[in-house]
Amino acid sequence: MTLEFKPIELFGGAITADFPNGYLDVSNIREVPDHQEIYLDASGFSSIIVEIAERVTQPPTDEEAL
């Protein structure tokens, strides 16, 4: 069985990620905070949660990020 993916726009299109087909946006069925994106597998056994924990006003260099 081959797992297929589809592009999903997160946070109003600011980030794009490829999620497996069959994952549904939880915000269509319940309230989700603005700093989170939650997708639930149609079977209900797994989920993907993307959360913004902190705003960075000036991006660090690669060395500073490590």
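**Strand pairing and an aromatic contact**

User: Over how many bridges do β3 and β4 pair in the antiparallel sense?
Analyst: This is a predicted model, in which local features need pLDDT of at least 70 and side-chain atom pairs count only at pLDDT 80 or more, whereas totals for chains, interfaces and linings use all residues. Residues are numbered from 1 along each chain as its sequence is written, and side-chain values use heavy atoms, with hydrogens and water left out. Strands are DSSP runs of E with at least two residues, numbered from the N terminus, and two of them pair if DSSP finds at least two bridges between them. For β3 and β4, the antiparallel pairing runs over three bridges.

User: What kind of aromatic pair do Phe 19 and Tyr 39 form?
Analyst: A search of the whole structure finds one aromatic pair, where rings of Phe, Tyr and Trp (its six-membered ring) pair if their centres lie within 6.5 Å, and planes under 30 degrees apart count as stacked, over 60 as edge-to-face and the rest as tilted. Phe 19 lies in β2 and Tyr 39 in β4, so the pair ties together parts 20 residues apart in sequence. With 5.1 Å centre to centre and 75° between the planes, Phe 19 and Tyr 39 are edge-to-face.

User: Is Phe 19 buried or exposed?
Analyst: Buried means under 20% relative accessible area, exposed over 50% and partly exposed in between (1.4 Å probe, protein chains only). Tyr 39, at 7%, is buried. Phe 19, at 6% relative accessibility, likewise counts as buried.

Terms used. Helices (H or I, at least four residues) and strands (E, at least two) are DSSP runs, numbered from the N terminus.
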